[in-house]
Amino acid sequence: MQPMVMQGCPYTLPRCHEWRAADQFHHSSSLRSTCPQPQVRAAATAPVPPQDGAGGSCLSPKLFNGSVGAAGPLEPPAMNLCWNEIKKKSHNLRARLEAFSDHSGKLQLPLQEIIDWLSQKDEELSAQLPLQGDVALVQQEKETHAAFMEDVKSRGPYIYSVLESAQAFLSQHPFEELEEPRSESKDTSPRQRIQNLSRFVWKQATVASELWEKLTARCVDQHRHIERTLEQLLEIQGAMEELSNTLTQAEGVRATWEPIGDLFIDSLPEHIQALKLFKEEFSPMKDGVKLVNDLAHQLAISDVHLSMENSRALEQINVRWKQLQVSVGERLKQLQDAHRDFGPGSQHFLSSSVQVPWERAISPNKVPYYINHQAQTTCWDHPKMTELYQTLADLNNIKFSAYRTAMKLRRVQKALRLDMVTLTTALEIFNEHDLQASEHVMDVVEVIHCLTALYERLEEERGILVNVPLCVDMSLNWLLNVFDSGRSGKMRALSFKTGIACLCGTEVKEKLQYLFSQVANSGSQCDQRHLGVLLHEAIQVPRQLGEVAAFGGSNVEPSVRSCFRFSTGKPVIEASQFLEWVNLEPQSMVWLAVLHRVTIAEQVKHQTKCSICRQCPIKGFRYRSLKQFNVDICQTCFLTGRASKGNKLHYPIMEYYTPTTSSENMRDFATTLKNKFRSKHYFSKHPQRGYLPVQSVLEADYSET
């Protein structure tokens with residue numbers, strides 16, 4: 001029921017305008033029984049009816065037989081009649097005031113009782129909060145609140161009845177709103193007393209109405225709050241039970257896991273896959289755990305905190321879930337580490353390639369590096385590779401770049417045991433590992449797989465014992481130095497195949513044919529761009545040894561243009577034209593041909609004496625002067641520029657890397673005899689190439705820059 005604000009005209013008491021004394025007449029809490037005799041005069045105007053209509057006029061028209069003067073006195077009968085009328089009205093007013101007081105008193109007591117009862121119920125309703133975070137307690141609270149609402153509901157008709165009575169009373173006895181409240185005193189008029197009583201009833205009715213509306217609204221809100229809380233608690237309880245069962249099953253599976261050390265290496269991939277599937281199966285639990293935690297948070301916002309039992313159950317679920325996640329993550333990492341370290345694609349077997357105090361370590365991108373625990377240093381190069389590079393410094397006294405580079409590569413080739421690998425074997429390994437696409441990018445693991453298969457195949461075919469870990473690690477180290485000096489852990493398949501093909505033990509022509517096929521199209525033709533790619537990959541080999549400047553540097557464009565002179569103006573070149581160009585030993589590729597000659601000359605012995613160091617027989621290269629008779633020089637003396645005392649080596653010179661025959665000796669004798677009669681001007685027409693020590697004619701006093 002809306003608050004009642006009753007306003008209206010003030011209740012006015014009757015007045016007699018004909019009597020001056022009536023203007024000075026005042027009513028008190030009880031009307032006086034007597035009234036003083038006033039001095040009255042005849043009214044100058046017609047009689048005025050009473051304002052409240054509670055009787056006739058004070059003077060009847062019968063009293064006046066004619067006009068009465070303004071100052072003429074009234075006759076005694078008329079004055080007695082007016083006085084009796086006043087006494088009658090005073091009696092009626094007293095009776096009305098007493099009846100009004102009795103009626104308002106009957107309303108004030110019920111209204112106050114209602115106010116007190118509503119206040120008490122409001123306190124009882126507040127005492128029901130906060131709710132406990134337990135299903136049983138909330139259900140009990142729901143029943144209690146239902147009984148509470150029934151009690152409030154049963155009281156409703158009585159409250160409505162009293163409020164309606166108050167409304168009816170106030171409609172009959174309106175009152176004026178006062179700007180400032182007045183205190184009631186003994187001089188208060190009856191009219192003011194009536195208005196004060198009406199105002200008090202209105203205030204009580206307003207308070208009771210507001211309290212009733214507030215209580216009923218709070219009852220409904222609290223009922224909804226209890227229903228919602230009970231629903232959320234039931235959902236939490238059901239979700240926690242389901243999560244607990246699921247976690248129990250997952251923990252049972254976890255209990256069956258075998259230690260990593262007891263697993264077979266071949267079964268590691270299966271265990272990794274099974275663990276990933278297991279992780280996917282229990283991943284929905286993550287949403288369930290998040291749901292119960294969100295529900296608990298929502299309850300806490302509503303000032304509903306889980307009971308001790310439920311809080312403990314939720315905490316256990318969170319702990320068990322976290323432990324399960326951690327255990328799965330740790331086991332998966334252990335399995336993957338074991339598979340990486342001990343599986344088929346692992347590098348663990350390469351750890352035996354170094355000895356104490358060295359340790360082989362692996363960077364995040366799978367590139368190996370080496371730790372010296374004694375010196376407390378790290379480096380990218382294998383300790384054996386470092387020793388190999390130090391021995392290459394002994395060859396720096398060779399004057400001619402092509403031979404210096406070729407002899408360094410020969411030492412690297414033998415250290416890596418690639419001189420025993422044929423190109424046919426290498427191609428089989430390339431095909432087995434799907435390296436046909438030259439643009440394919442290989443990582444370190446792929447390179448290790450190929451190298452391991454290559455050396456294992458070498459061991460099978462040759463029937464020799466090969467230190468596979470050391471050879472694989474050394475070859476990987478060399479390939480990274482040549483094609484991935486920045487240690488990104490990536491290299492193109494073309495780079496890998498170029499490096500292996502250049503150092504394998506196969507005829508140089510066969511190597512060049514294979515390298516050309518890797519950049520040629522389906523018609524065995526190659527354009528300038530792809531030829532430039534091939535020459536760029538090949539030039540990386542001498543570049544790593546610091547010899548690239550003698551072979552034209554890293555710019556291969558001049559070599560590409562030189563090669564395409566054989567294409568007869570076509571935009572592509574064929575394999576035969578490429579081989580024709582390479583047979584001329586161009587500057588960018590001469591080191592590969594010289595490497596082939598160095599390899600053959602190693603096993604050759606010439607039954608003659610070195611004219612400088614007197615070594616006999618001469619091993620390796622043999623150099624014969626074609627201008628002086630009986631002048632033979634060993635490779636060491638010739639390549640280092642050593643000469644006998646007081647003698648200077650005279651050119652031209654012929655190089656032998658195979659045993660000489662009698663026909664070759666006769667040919668050289670004839671050539672020497674012919675050169676005896678040639679002038680120096682003839683030899684000056686044929687300048688020496690700086691990267692080679694010999695050719696058809698060489699200049700005698702040339703020194704390489």
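**Helix α9 and the cores**

Reply: Helix α9 (residues 423-432) has L423, T425, A426, I429 and F430 buried. Seen down the axis of α9, these buried residues fall within an arc of 160°, so they line one face of the helix. Keep in mind that this is a predicted model.

Me: What do the buried residues of α9 pack against?

Reply: They pack against α10 (444-462), α12 (493-503) and α13 (508-519).

Me: Now the largest nonpolar core. How many residues does it have, and which have the most contacts inside it?

Reply: That core has 98 residues, and F496 and F578 are those with the most contacts inside it. Helix α11 (residues 468-483) supplies the largest share, ten residues.

Me: Where does this core lie relative to domain 2 and domain 3?

Reply: Between them, because domain 2 (393-601) and domain 3 (604-685) both give residues to the core.

Me: What does F578 touch?

Reply: Leaving out residues up to four places away in sequence, F578 touches L512, F516, L531, L534, C563 and I573.

Me: C563 is on that list. Is C563 buried or exposed?

Reply: Buried, since its relative accessible area is 0%.

Me: What about C450, buried or exposed?

Reply: C450 counts as buried, at 3% relative accessibility.

Me: Switching to V541. Which helix is it in, and what does it touch?

Reply: V541 sits in helix α14 (residues 528-544). Its contacts, not counting residues up to four places away in sequence, are L409, W478, V482 and W591. V541 is buried, with a relative accessible area of 1%.

Me: How far apart are V541 and L503 in sequence and in space?

Reply: They are 38 residues apart in sequence and 9.8 Å apart in space, C-alpha to C-alpha.

Me: Last topic. Which residues does UniProt list for the WW domain?

Reply: The unreviewed UniProt entry lists residues 352-385 for "domain: WW". In the model, the chain over residues 352-385 is 9% helix and 38% strand, with the end C-alpha atoms 15 Å apart.

Key. Residues numbered from 1 in each chain as written. Predicted model: local features only at pLDDT ≥ 70, side-chain atom pairs only at ≥ 80, totals over all residues. Heavy atoms only, no water. Core = buried A, V, L, I, M, F, W, Y, C linked by side-chain atoms within 4.5 Å. Buried < 20%, exposed > 50% of the residue type's maximum accessible area, 1.4 Å probe, protein only. Helix = DSSP H or I, 4+ residues; strand = E, 2+ residues; numbered from the N terminus. Domains from an automatic or database assignment. Contact = heavy atoms within 4.5 Å. Arc of directions from axis to C-beta. UniProt positions renumbered as here; feature names shortened; annotations may be inferred.
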